[in-house]
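This report concerns the structure shown below.

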Amino acid sequence: MSAAWRPNLIACEGESLENSGDNTKAMAQYTEAVSVATGQHDDEMLALSLFSRGYLVGVMGDYATGLIELRRADALFEKLKKPLHSMTTLNSIATLYNRMGDYVQARHIYT
C-alpha cells in the first residue's frame, strides 16, 4: 500500500470504530491519522482527520479542545478552497457552541 493512503485508512478505521461506539479506540485512530498526515504534509487529510477528532472530542464533552480542532480544520479547508467542507465544519462548531449553552455564538455561526 502506498504511504499516501495511510492516513486515509487510519481515519476510516477511526470512523468505523466511532460508528460501532468505541470512541476511545476511534480517538486513538484519529490522533494517529493527524500525526501521519502532519508528517506527510497532507493538508487535506490533516483537515479531515482534525475534523473527525474535533467532532468526537466535542461529543465526548471536551468542548474547548473540540473547538480548537474544528477551527484548525476549518482554516485548512479554507486554504484548500473546499467551501463545502468548511461549511460542514462551521456547522459542527456551531453545534458545539449550542451544546455549551452559548446560543448567541451558535446562532451567529449558523447565520
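The model is predicted: local features need pLDDT of at least 70, side-chain atom pairs count only at pLDDT 80 or more, and totals for chains, interfaces and linings use all residues. Residues are numbered from 1 along each chain as its sequence is written, and side-chain values use heavy atoms, with hydrogens and water left out.

Helices (H or I, at least four residues) are DSSP runs numbered from the N terminus. Helix H3 comprises residues 43-59; its 17 residues reach 24 Å from the first C-alpha to the last, close to the expected 24 Å. The expected span is 1.5 Å times one less than the number of residues. Because 12 of its 17 residues are buried, H3 is largely enclosed by the rest of the structure. Buried means under 20% relative accessible area, exposed over 50%, and partly exposed in between (1.4 Å probe, protein chains only). Among the buried residues of H3 are Met45, Leu46, Leu50, Phe51, Arg53 and Val57. Their cover includes helices H1 (6-19), H2 (23-39), H4 (63-79) and H5 (83-100). Just after H3, glycine 61 adopts a positive phi of about 105°.

In H2, the end C-alpha atoms are 24 Å apart, which agrees with the span for 17 residues. Buried residues of H2 include Ala26, Met27, Tyr30 and Val34, and the buried residues of this helix pack against H1 and H3. Histidine 41, which follows H2, has a positive phi near 55°.

**Cores and contacts**

A nonpolar core is a set of buried Ala, Val, Leu, Ile, Met, Phe, Trp, Tyr and Cys residues joined through side-chain atoms within 4.5 Å. The largest such core has 22 residues, of which Leu46, Leu50, Ile93 and Tyr97 touch the most other members. Two or more residues each come from H1, H2, H3, H4, H5 and helix H6 (103-110). A second, separate core of five residues includes Ala26, Met27, Tyr30 and Val57.

Contact means heavy atoms within 4.5 Å. Not counting residues up to four places away in sequence, leucine 50 touches Val34, Glu69, Arg72, Ala73 and Leu76. Glutamate 69 lies in helix H4 and is buried, with a relative accessible area of 8%.

**Surface and salt bridges**

Tyrosine 55 of H3 is partly exposed, at 30% relative accessible area.

A salt bridge is a side-chain nitrogen of Lys or Arg within 4 Å of a carboxyl oxygen of Asp or Glu.

| Salt bridge | N to O distance |
|---|---|
| Arginine 6 and glutamate 32 | 2.9 Å |
| Aspartate 22 and lysine 25 | 4.0 Å |
| Aspartate 43 and lysine 79 | 2.6 Å |

Aspartate 43 in helix H3 and lysine 79 in helix H4 link distant parts of the chain, 36 residues apart. Aspartate 43 is partly exposed at 23% relative accessibility, whereas lysine 79 is exposed at 56%. In the aspartate 22 pair, aspartate 22 is partly exposed at 24% and lysine 25 is exposed at 51%. Arginine 6 counts as partly exposed at 40%, as does glutamate 32 at 31%.
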